[in-house]
Amino acid sequence: MINALDRHLIKQFIINLILGIFAWIIIFVIVDLIENISKFLDRGASFSQIFFYYIYYIPYIISLTLPVAVLLSTLFTISTMAMNNEIVAQLSSGISLYRILRPLIVLALLISVFSFFFNEITVPQANQKRLDIKRYQIEKKPRPRAQSRSNVYIQISTNETLSAKYYNGSSKRAVEVSIKKFKGSELVERIDAKSMQWRDSTWKLINVTVRRFKDQQEILIQRPDTVLAGLAVVPDDLALVQKKPEEMSYQELVKFIHELKTIGADPKKWIVEKHLKISLPFANFIVVLLGAPLASRKRRGGMGLNFGLSLAISFTYFIIIRVGQVLGHNGSLDPLLGAWLGNLIFLTAGLIALARVRK
């Protein structure tokens with residue numbers, strides 16, 4: 001049950017959180033505008049282009065600064081209660097600190113869930129539109145095409161896929177190619193080739209092995225080369241720029257990791273990024289668990305101390321996140337542990353702080 005004290009705590013937290021988010025948005029937009037305004041004007045950017053550039057920038061700013069805003073809101077809300085002796089009064093009346101902080105912890109968990117879906121649905125689309133405006137409308141750059149790619153995977157149709165270990169856009173040649181045809185979920189044909197070359201508006205496969213599967217039997221056919229005139233793939237399809245991990249959603253990463261495993265590529269880096277899609281939003285819960293006990297004691301320093309403490313905690317947290325990410329990428333840590341290293345350390349610190357504070 002939510003009582004009047006809970007409602008008071010939640011109300012103050014939300015007010016501080018909204019103010020914090022708006023403050024970070026204003027700071028980021030002003031700093032970025034100062035840095036880029038001369039470039040925008042030199043390229044003849046219109047007011048509309050600049051306006052929508054920053055409108056689409058806002059979701060990314062919120063995603064980036066939300067844990068810091070949550071931590072600031074927690075510190076300001078709880079420290080204000082401590083300075084006004086509200087926490088002491090509740091403790092004296094028999095209400096434990098755990099009970100006082102419970103609505104804040106539940107709210108932080110809900111914010112973490114919201115942050116995950118916000119980062120999945122809103123941020124990638126808005127960020128893509130923002131970059132499109134900057135690159136192709138303001139800077140008037142041509143849309144880039146990669147000249148070469150590793151670990152290529154293409155869904156040709158609902159029942160046919162193509163993968164290649166490497167593709168060279170200049171020579172229009174792919175190596176270690178595999179084309180798979182399915183009937184439902186059943187593999188019915190697999191074509192493997194040493195290389196695949198684009199010639200005379202069609203693909204020529206070199207050193208080809210064809211396997212056909214029917215009634216639990218395999219028919220093996222080997223050919224020095226063959227032409228695939230009906231393959232619905234052109235060189236530009238193989239040369240499309242691969243999205244970066246931060247531009248992919250969780251589901252896109254899951255699918256891409258599966259594709260990498262299918263062609264025998266090393267997916268460690270991408271597995272780390274997949275786990276980070278969950279661990280980073282969870283930071284909103286961790287910082288409340290750590291910040292609330294620290295702010296529950298009456299201290300001198302006021303808002304200045306809280307702001308400095310918030311920045312110090314956030315800075316340390318993201319350094320550890322980065323270290324875990326790098327160690328996960330190079331295989332020194334398990335990808336799951338690498339992605340969750342910062343959360344595990346700060347969760348432990350938060351639980352210790354919560355256990356030591358006056359109950």
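Which residues in H2 meet which residues in H8?

Modeller: A word first: this is a predicted model. Now to the contact you ask about. On the H2 side the residues are Leu66, Pro67, Val70, Leu71, Thr74, Leu75, Ile78, Ser79 and Ala82. On the H8 side they meet Ala283, Asn284, Val287, Val288, Gly291, Ala292 and Ala295. By type, the residues of this contact divide into 12 nonpolar, 4 polar and no charged.

Next, the geometry. H2 spans residues 47-83. H8 spans residues 283-295. Their axes come within 9 Å and cross at roughly 25°. Angles under 35 degrees count as roughly parallel, so H2 and H8 are roughly parallel to each other. The crossing is right-handed.

The residues of the contact of H2 with H4 divide into 20 nonpolar, 8 polar and 3 charged. With H4, charged residues take part. With H8, there are no charged residues.

Stay with this part of the chain for a moment. Helix H3 covers residues 86-92, and Gln90 lies in this helix. Is Gln90 buried or exposed? Its relative accessibility is 9%. Buried means under 20%, so Gln90 counts as buried. Leaving aside neighbours within four places in sequence, Gln90 is in contact with Leu5, Met81, Ile95 and Ile100.

Gly324 is found in helix H9, residues 302-329. With a relative accessible area of 0%, Gly324 is buried. Leaving aside neighbours within four places in sequence, Gly324 is in contact with Gly338 and Leu341. How does Gly324 stand to Ala69? The two are 255 residues apart along the chain, and their C-alpha atoms are separated by 23 Å.

Now leave the helices for the strands. An open sheet is formed by 6 strands, in the order E1-E2-E3-E4-E5-E6. The pairing is antiparallel. E1 and E6, the latter at 217-228, stand at the edges. Each has a single partner strand, so one side of each is left without a neighbour in the sheet. Neighbouring strands are turned by 15° against each other on average, direction ignored.

Take the start of that order in detail. E1 covers residues 148-157 and E2 covers residues 160-168, with 8 bridges joining them. Here Val152 stands opposite Ala164 in E2. E1 and E2 form a hairpin with 2 residues between them.

E2 then pairs with E3, residues 173-183. Again 8 bridges join the strands, which run antiparallel. Asn168 stands opposite Arg173 in E3. This pair is a hairpin as well, with 4 residues between the strands. Lys172 in the turn has a positive phi of about 55°.

Conventions
Residues are numbered from 1 along each chain as its sequence is written. This is a predicted model: local features need pLDDT of at least 70, side-chain atom pairs count only at pLDDT 80 or more; totals for chains, interfaces and linings use all residues. Side-chain values use heavy atoms; hydrogens and water are left out. Two strands pair if DSSP finds at least two bridges between them. Buried means under 20% relative accessible area, exposed over 50%, partly exposed in between (1.4 Å probe, protein chains only). Contact means heavy atoms within 4.5 Å. Axes are lines fitted to C-alpha atoms, for helices over the stretch in contact, and angles run from 0 to 180 degrees between N-to-C directions. Ala, Val, Leu, Ile, Met, Phe, Trp, Tyr, Cys and Pro count as nonpolar, Asp, Glu, Lys and Arg as charged, and the others, Gly among them, as polar. Angles under 35 degrees count as roughly parallel, over 145 as roughly antiparallel, 65 to 115 as roughly perpendicular and the rest as oblique. A crossing is left-handed if the near helix is turned anticlockwise from the far one by less than a right angle, and right-handed if clockwise.
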